[in-house]
Amino acid sequence: MIKFLDEKGDDINFEILTIDLIESIYQIDKECFEVYDLNWDRKSIQDTVLDKNCCTYLQLIGEEIVGVINATSKYDHIRIDSIAVKPDYRKNGIGTRLLQKIVEETKALKLKRIELHVWVDNQTAINLYTKLGFQQIDLEEDYYSVGDAYVMELNL
Ligand SMILES: CC(C)(COP(=O)(O)OP(=O)(O)OC[C@H]1O[C@@H](n2cnc3c(N)ncnc32)[C@H](O)[C@@H]1OP(=O)(O)O)[C@@H](O)C(=O)NCCC(=O)NCCS
């Protein structure tokens, strides 16, 4: 499932998957996750957005995609797989809004927990998650190529 948000954070009612769209998501991921050495190609992105257990929200500014969040439904909880906002658009509340959309989706599914991994040195993202009420519950060593990850959860 793929959904679009307008500049006010309202859902836009159209759903269209094009090569350009996949390319835009790929470029954001590439730019934002450079440090992680992710083996993420265009095909994986296409598979993710088409997976019925996955939810992708895209933030549009005009016609430009400036932010993306991916989450997967995992039986009794939701797992956030990635969140990224283009550097020029950060610190404007877009990351918060994308996360809040996943919180809303989780509540609508009547699930009570959201989980994610975050690199222990990614203080920006840790601040964002903490601000939204996530708490550190575990540490997974060598989870990323760059090092360890905190497991964080939000109980709803
Ligand atoms: C993490 C990220 C998605 C945040 O997006 P954003 O749109 O800038 O986030 P928001 O504007 O909603 O900021 C919300 C909170 O995050 C934290 N935050 C955001 N930018 C920060 C920064 N540069 N330094 C410290 N904390 C920061 C703050 O707590 C902020 O709240 P505040 O504005 O009240 O201080 C963005 O920085 C990003 O894409 N980073 C690269 C990809 C990444 O690391 N993703 C997470 C992988 S687990």
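Reader: What share of the contacts in the protein between residues at least 6 apart in sequence join residues at least 24 apart?

Author: Happy to start there: in this predicted model, 52% of those contacts join residues at least 24 apart. A pair counts as a contact if the two C-beta atoms lie within 7 Å.

Reader: How many helices and strands does the protein have, and in what order do they run?

Author: There are 4 helices and 8 strands. Starting at the N terminus, the order is β-β-α-α-β-β-β-α-β-α-β-β.

Reader: What makes the radius of gyration agree with that of a compact globule?

Author: A compact globule of 156 residues would have a radius of gyration near 15 Å, and the protein has 15 Å, so the two agree. Along the principal axes, the C-alpha atoms fill a box of roughly 40 × 35 × 30 Å. As for burial, 23% of the 156 residues count as buried.

Reader: Why is helix H1 called roughly perpendicular to helix H2?

Author: Let's take the angle. The axes of H1 (residues 19-32) and H2 (residues 42-50) cross at roughly 110° and come within 9 Å. Angles of 65 to 115 degrees count as roughly perpendicular, so that is the term for H1 and H2. The crossing of H1 past H2 is right-handed.

Reader: Which residues meet where H1 and H2 are in contact?

Author: From H1 come Ile22, Glu23, Ile25 and Tyr26, and they meet Arg42, Ile45 and Gln46 of H2. By class, the residues of this contact are 4 nonpolar, 1 polar and 2 charged. Tyr counts as nonpolar here, while Glu and Arg count as charged.

Reader: What is there to notice about the phi of Lys91?

Author: Lys91 is not a glycine, yet its phi is positive, about 60°. Most residues other than glycine have a negative phi. You will find Lys91 in the loop between strand E5 (77-85) and helix H3 (94-108).

Reader: Where is Lys110, and what is its phi?

Author: Lys110 sits in the loop between H3 and strand E6 (113-119). Lys110 also has a positive phi of about 60° and is not a glycine.

How values were computed: Residues numbered from 1 in each chain as written. Predicted model: local features only at pLDDT ≥ 70, side-chain atom pairs only at ≥ 80, totals over all residues. Axes fitted to C-alpha atoms, helices over the stretch in contact; angles between N-to-C directions. Helix = DSSP H or I, 4+ residues; strand = E, 2+ residues; numbered from the N terminus. Parallel < 35°, antiparallel > 145°, perpendicular 65-115°, else oblique. Left-handed = near helix turned anticlockwise from the far one by under 90°. Rg over C-alpha atoms; globule rule 2.2 N^0.38 Å. Buried ≥ 20, exposed ≤ 12 C-beta atoms within 10 Å, placed from the backbone.
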